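Please look through the sequence and the structure shown here, and keep both at hand while reading the report that follows.

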Amino acid sequence: MSRAVRYSEFGDADVLQVVEVETPQAGPGQVRVAVRAAGLNPYDYKVRRGEYGKVRPLPSGQGSEFAGTVDQLGPGITTVTVGQEVLGWTSFAAQAEYVLVPEDTLAPKPANLDWAVAGGIGLVGNTAKRATDAMRLTPDDTVLVTAAAGGVGLLCVQFARSVGAAVVATASETNHEFLRGLGAIPVAYGVGQLERARAAAPAGYTAMLDSAGRDGVLLGLDLGIHPSRINSIAYQPGAEEFGISTIGGGKKTTAELAWLARSAAHGSLQFPIRATFPLDRVQDAYRLLEKRHGLGKIVLTMP
Ligand SMILES: NC(=O)c1ccc[n+]([C@@H]2O[C@H](COP(=O)([O-])OP(=O)(O)OC[C@H]3O[C@@H](n4cnc5c(N)ncnc54)[C@H](OP(=O)(O)O)[C@@H]3O)[C@@H](O)[C@H]2O)c1
């Protein structure tokens, strides 16, 4: 037997339980990974609260990304070996002591990469890369990145800076120093944000990467950014309502996952961890995430 996060009804973090389950056994084409770290994402709690409709079969597992050690191979596995440290993606299953996945969802974990970073970078990395690439930024762009201290936003800032674009980033003041260190101009969101954002880029903006939601998109529109140059991962109805683009996470490749891991290990990508919690404290971990404030990623870790 082993432990896994489950919920049997939709609701707030109180419905999350850590239960004993049969330890999964690797079948043909499957790899079993002993999980060391599994990231939290807002998608998890939005589904669990029923915000996308009560569409999950219950009881449901939780978690889309993990890092751990390969500990069992089903027949036909050729690209990973028992004992190898890996990171990977899955669906509603990562927050458990063991996950079963196909081998093409795994990438090698660099030895010097922190477990929490490895277990938390997969989903936000894929999302931020696709969202930023979709805008085809150049050094001539001045980009507004909203919710820039969040898991996705802080990577969008770095991807935009890496192509030479100027970046203005909205965040609470406590996160400004970090964003400055990434080469962005930080501005506080909230009352007066329009004036502050204007002052930060007097020549105006050419693009926006939004992770804040409808209010973020409205800020971009108020700043005169053309809707076709606004990409929001946090307000899907904006496509119909405002004609903006809503390109976020999607097709994932192990090459991309390996690149994210190498970049974080090398330090060319910064990926701060806001907090780690043991599996047993999954409720507390989500209560913190659901406050929607703080720098970086929250991750469950297992010894
Ligand atoms: N479409 C997709 O594929 C996709 C994929 C991943 C995530 N998402 C969505 O993208 C959003 C962000 O995800 P995440 O993982 O980055 O979340 P997160 O790590 O929880 O980020 C929360 C951040 O939001 C900031 N924030 C809170 N209220 C704000 C406001 N009113 N204006 C500006 N910033 C505000 C906070 O900044 P301060 O701490 O500085 O206050 C905090 O750093 C979520 O809605 C998530 O569901 C979509």
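## Terms and basis of the model

A nonpolar core is a set of buried Ala, Val, Leu, Ile, Met, Phe, Trp, Tyr and Cys residues that are joined through side-chain atoms within 4.5 Å. Buried means under 20% relative accessible area, exposed means over 50%, and partly exposed lies in between, with a 1.4 Å probe and protein chains only.

The model is predicted, so that local features need pLDDT of at least 70 and side-chain atom pairs count only at pLDDT 80 or more, whereas totals for chains, interfaces and linings use all residues. Residues are numbered from 1 along each chain as its sequence is written, and side-chain values use heavy atoms, with hydrogens and water left out.

## The nonpolar core

The largest nonpolar core has 44 residues, and those with the most contacts inside it are L87, V145, L155, V157 and L179. Helix 4 gives the most to this core, with seven residues; helices (H or I, at least four residues) and strands (E, at least two) are DSSP runs numbered from the N terminus. Because domain 1 (2-121 + 271-301) and domain 2 (125-242) both give residues to this core, it lies between them; the domain bounds come from an automatic or database domain assignment. In soluble globular proteins, nonpolar side chains tend to be buried together.

## The shell around the ligand

The ligand is surrounded by 26 residues, of which the closest are S172, Y189, G249, H293 and G294; a residue is near a molecule if one of its heavy atoms lies within 4 Å of it. The shell divides into 12 nonpolar, 11 polar and three charged residues, where Ala, Val, Leu, Ile, Met, Phe, Trp, Tyr, Cys and Pro count as nonpolar, Asp, Glu, Lys and Arg as charged, and the others, Gly among them, as polar. Helix 3 gives the most to this shell, with three residues. Both domain 1 and domain 2 give residues to the shell, so the ligand lies between them.

A polar side-chain atom of K46 lies 2.8 Å from an oxygen atom of the ligand, while a polar backbone atom of G151 is 2.9 Å from an oxygen atom of the ligand. The protein covers 86% of the 940 Å² of accessible area that the ligand has on its own, an area that comes from the Shrake-Rupley method with a 1.4 Å probe.

## Two buried residues

L182, in the loop between helix 5 (176-181) and strand 10 (185-187), is buried, with a relative accessible area of 12%. H176, which has its place in helix 5, also counts as buried, at 8% relative accessibility.

Methods:
A polar contact is a pair of N or O atoms within 3.5 Å; within protein, one must be able to donate a hydrogen and the other to accept it, and residues adjacent in sequence count only if both atoms are side-chain atoms.
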